[in-house]
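Notebook open, model loaded. I am jotting down what I look up as I go.

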Amino acid sequence: MFVSLEEAQHLLSTGHVVGVPTETVYGLAASLKHPEAIDQIFKLKGRPANNPLIIHAANNQAILPYIQTLSQEFLSLADSFWPGPMTIVTNIVENQIPEIARAGLPTAAFRVPAHPLTQELLHAVGPLVMPSANISGRPSSTKASHVETDFGKAFPVLDGGACQRGVESTILFHSKGCFQIIRQGALTAEDFGCVLGYNPEIVAKNVNSQEAPLCPGQQYRHYAPKARLILSTKPSQETGTLIIGFSDRRYPGFSRCLSFGLSTKPHDAAQNLYSLLRLLDEEDIAEAWIDIDFPKNGLWTTIFERLERASQ
Ligand code: TXA
Ligand code: MG
């Protein structure tokens, strides 16, 4: 059920969960003041309780009181990339964030989203936790209709149009004197390099596998449609099936082609990615080939990581 901005504000401030647009993907939002609504998010998504949520705030000032030790680098990143698709995991002041939102960790993840409707909501209601608005493990939602598909027609969604970025925020974590990327996303290592003076390393796991994962969500299956995905850099020799590829290429032998857009435009591919994966489910498609003949740098690395996980 599509709701107005005023209805969304009312629902959130009275302890309900609402589907909310951001510039990356749609989120399932609950107010930080309502732990029972946060609990409801875990139930709705089927999300493991040990997977913490990102806290979204209207601006940098609204985040600073939660943070234990502020560094100059943190402030430079915040000034350069917020509002925007960057999330930072940091140590927090005790007893400020409900335990359920941070899954009992001594840290929390923060982001200032850029979507104008989300901004209005955050100014009116205060900080919101927002995981991506999908059933755990499935492709994220980049349109209001995707949220309805996963949570039903009666579920309240604020329609903010198609998400501009199409992939989630990049998550940064500070360790041993420098920032690391613990989840790739809409901003690249090179983007941060311009501010930090070094490109943060992309780390998938703790080197010591006995330790807890740096980013708990990364240990679970993700972004996957029901269809079997076959990633290939030379898909043209295959026959008879569907391919997700690029509009400036030909795929002889395939009966149908769905398009990421031009092979020179990673932003378009990111924007279309989850819609395409969801389309496979909507049409009950059992198998799809994916053309992964694209550069392995910049935003393409995020797209490749999402496709790899979706195909596992
Ligand atoms: O773009 C985004 O980030 C979207 C939109 C809605 O803002 N949100 C999003 O949330 O992707 P979610 O819950 O789908 O992914 C958040 C990731 C999870 O993998 C979680 O484990 C990680 O952030 N995370 C949250 N708090 C953390 C913490 N304290 N330490 C390490 N990782 C954390
Ligand atoms: Mg997610």
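Entry 1: I started with E287, which counts as partly exposed at 26% relative accessibility. My cut-offs: buried is under 20% relative accessible area, exposed is over 50%, and partly exposed lies in between, with a 1.4 Å probe and protein chains only. The side chain of E287 meets that of R228 in a salt bridge, 2.9 Å from N to O. For a salt bridge I want a side-chain nitrogen of Lys or Arg within 4 Å of a carboxyl oxygen of Asp or Glu. E287 sits in strand β15 and R228 in strand β12, so the pair ties together parts that are 59 residues apart in sequence. R228 counts as exposed, at 51% relative accessibility.

**Housekeeping.** This is a predicted model, so I note that local features need pLDDT of at least 70 and side-chain atom pairs count only at pLDDT 80 or more, while totals for chains, interfaces and linings use all residues. Residues are numbered from 1 along each chain as its sequence is written, chains are lettered from A and ligands numbered from 1 in the order in which they are written, and side-chain values use heavy atoms, with hydrogens and water left out.

Entry 2: What is the strand order in the open sheet of 4 strands? I read β12-β15-β13-β14, with parallel pairing. The edge strands, each pairing on one side only, are β12 (228-232) and β14 (256-259). From one strand to the next the twist averages 25°. Helices (H or I, at least four residues) and strands (E, at least two) are DSSP runs, numbered from the N terminus, and two strands pair if DSSP finds at least two bridges between them. Strands β13 (residues 242-245) and β15 (residues 287-291) run parallel and are joined by 3 bridges. I244 has I290 as its bridge partner in β15. Helix α8 (residues 266-282) packs on this sheet and touches β12, β13, β14 and β15; its direction makes about 145° with that of β14. Contact here means heavy atoms within 4.5 Å; axes are lines fitted to C-alpha atoms, for helices over the stretch in contact, and angles run from 0 to 180 degrees between N-to-C directions.

Entry 3: How many salt bridges does a search of the whole structure find? I get 11. One is R138 with D281, closest N and O atoms 3.2 Å apart. R138 is in the loop between β7 (128-129) and α6 (144-151) and D281 is in helix α8, 143 residues apart. R278 pairs with D150, with the closest N and O atoms 3.0 Å apart. Here R278 belongs to helix α8 and D150 to helix α6, so parts 128 residues apart in sequence are tied together. Buried or exposed, R278? Buried, at 6% relative accessible area. I also found E168, E305, R306 and R309 linked in a network of salt bridges.

**Entry 4: the cores.** By nonpolar core I mean a set of buried Ala, Val, Leu, Ile, Met, Phe, Trp, Tyr and Cys residues joined through side-chain atoms within 4.5 Å. The largest has 43 residues, and L77, W82, M86, I97, F110, V129 and F192 have the most contacts inside it. A second, separate core of 33 residues includes F260, L280, I285 and L307.

**Entry 5: V125.** This valine lies in helix α5 (residues 116-125). V125 is buried, at 6% relative accessible area. Leaving aside neighbours within four places in sequence, V125 is in contact with Q9, L12, S13, S31 and K33.
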